[in-house]
Amino acid sequence: MKLPEDNYLQQGRRKALMELLRQKGIKEAVLEVMMKVPRHYFFPSTFDVHAYDDKAFPIAADQTISMPYTVAFQTQLLEIKPLEKILEIGTGSGYQAAVLAASGARVFSIERQKQLFDSTKLLLQNIGYSDIKCFYGDGYKGLPTYAPFDKIIITAAAPIIPEDLKQQVKVGGWIVIPVGDEVTTMKKVTRISETEFVEEDFHEFRFVPMLGGKAK
Ligand code: SAH
C-alpha cells in the first residue's frame, strides 16, 4: 500500500518540534527516532496541521494521543536497546507504539477499547509497523503468555502500580508508569530481584485514566 504523504512542510514542522523537545531536555537518541515517525499519520487528516504542536489531541473513543514531550520523556526513561521486548498499556492512536518500534524494540501493545484497537491495528499495518503486536484486552492483567518483558510502559493514569505487571517485567528491567488521578507523577519502577522493586519519581504529567476491564 502507498504511504500517506510526508512532505517538506510536515518534515519541517517535525524538525521544529524536535528542537523544542531538545530545549525541554530530550536527548539526541530519542529525537532521532521521533524524527523518523510522522506524527500526522496518527491524526485524522483534517487536523493534521496540529500534529507537530507539543500538545495532546483528542482521537476516537474519547481518548487522546499523548503530547510529544510526554512520549519523548517516557521513551527516554525506557532506554531501549535493539530487540528488547517492550509491553505498552494503552495503544490509543498507536503513535507511542510506533516510536518504540522505531527505537528497535519488539513491541506488544494492549488497548481496552475495541473500536480503537481495530482502527489502530489496521493503521499500524498500513503505515509500515506490522511488526507491532496489538492485543485487545485489559492492561491491568498484562500479557502473561508473552511475559517476561524487558520493560513495560503504561500510557494512562494508573491509580496503583498493577501487581500483574510487576510480575511480568524481568529482574533488572523496569516499568515506566504515571501514577495518580489525571495529574500524575511519572515513576520508574525497577525490579532489582524476584521480590524487590525500587521506585524513582520524576515530574508531573497529565493522562486519561487507566480503566479496568475491556470496553466494547
Ligand atoms: N499510547 C497512546 C496514548 C493513548 S491514551 C498514544 O500514543 O496515542 C491512553 C489509552 O489507554 C486509551 O486509548 C485508553 O483506552 C487506554 N487504556 C486505558 N486503560 C486501559 C487498560 N486497562 N488496558 C488497556 N488500555 C487502556
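F135 is buried, because its relative accessibility is 17% and the cut-off for buried is under 20%. Keep in mind that this is a predicted model.

Now F108. Its relative accessibility is 8%, so F108 is buried too.

How are rings compared? A pair of aromatic rings is described by the distance of the centres and the angle of the planes. By the pairing rule, this structure has 12 aromatic pairs.

Take F42 and Y95. Their ring centres are 5.5 Å apart, and the planes stand at 70 degrees. Edge-to-face means over 60 degrees, so this pair is edge-to-face. Where do the two residues sit? F42 is in the loop between α2 (28-36) and β1 (57-58). Y95 belongs to helix α4, residues 95-102. Buried or exposed? Both F42 and Y95 are buried.

Back to F108 and F135. They form a stacked aromatic pair. The centres lie 6.3 Å apart, with 15 degrees between the planes. F108 is in strand β4, residues 106-111. F135 is in strand β5, residues 133-136. That is 27 residues apart, and the pair links these distant parts of the chain.

There is also a cluster. Y69, F73, F202 and F205 make up one aromatic cluster.

Last topic: charges over rings. The charged end of K188 is over the ring of W174, 4.1 Å from its centre. K114 lies over the face of Y136, at 5.7 Å from the ring centre.

Methods. Residues numbered from 1 in each chain as written. Predicted model: local features only at pLDDT ≥ 70, side-chain atom pairs only at ≥ 80, totals over all residues. Heavy atoms only, no water. Phe/Tyr/Trp six-rings, centres within 6.5 Å; stacked < 30°, edge-to-face > 60°. Helix = DSSP H or I, 4+ residues; strand = E, 2+ residues; numbered from the N terminus. Buried < 20%, exposed > 50% of the residue type's maximum accessible area, 1.4 Å probe, protein only. Lys NZ or Arg CZ within 6 Å of the ring centre and 35° of its normal.
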